[in-house]
Amino acid sequence: IVPIRDMKWCGASMILAAFPEWADDEDFVLELVKISPSNFAHASSRLRKSVEFSKKVASFGPEHLRYVDGMLRRNRELRSYKRLYEITG
């Protein structure tokens, strides 16, 4: 992951595209999402549709919450993150 840190804009998403089996690995995807929130778009459908995993992603900050699926953002458990980020500006 060290070289990816220098190329936040493309490196991590290229890894998930090249190795789709890694796109379903929660720990690996979470590390890549920490580096760049846009990497969540390249996670497996299972992870992108998981409320629990989306809560972990949203906990990183408002930029990360933007990449959570719109239907999941309406979920009661994720709305609290949205309100928190709106309050803190």
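This is a predicted model: local features need pLDDT of at least 70, side-chain atom pairs count only at pLDDT 80 or more; totals for chains, interfaces and linings use all residues.

Reader: How do you know that the span of helix 8 agrees with its 13 residues?

Author: Helix 8 covers residues 76-88, and at 1.5 Å a residue it should span 18 Å. Its end C-alpha atoms are 19 Å apart, which agrees. Just after helix 8, Gly 89 adopts a positive phi of about 75°.

Reader: What makes Asn 75 a cap of helix 8?

Author: A side-chain oxygen of Asn 75 lies 2.7 Å from the backbone nitrogen of Glu 77, at the N-terminal end of the helix. A polar contact requires N or O atoms within 3.5 Å, so the pair at 2.7 Å qualifies.

Reader: Why is the pair Asp 24 and Arg 46 called a salt bridge?

Author: Their closest N and O atoms are 2.9 Å apart, and the cut-off is 4 Å, so the pair meets the definition. Asp 24 lies in the loop between helix 2 and helix 3, and Arg 46 in helix 4, so the pair ties together parts 22 residues apart in sequence. The structure holds 8 salt bridges.

Key. Residues are numbered from 1 along each chain as its sequence is written. Side-chain values use heavy atoms; hydrogens and water are left out. Helices (H or I, at least four residues) and strands (E, at least two) are DSSP runs, numbered from the N terminus. The expected span of a helix is 1.5 Å times one less than its number of residues. A polar contact is a pair of N or O atoms within 3.5 Å; within protein, one must be able to donate a hydrogen and the other to accept it, and residues adjacent in sequence count only if both atoms are side-chain atoms. A salt bridge is a side-chain nitrogen of Lys or Arg within 4 Å of a carboxyl oxygen of Asp or Glu.
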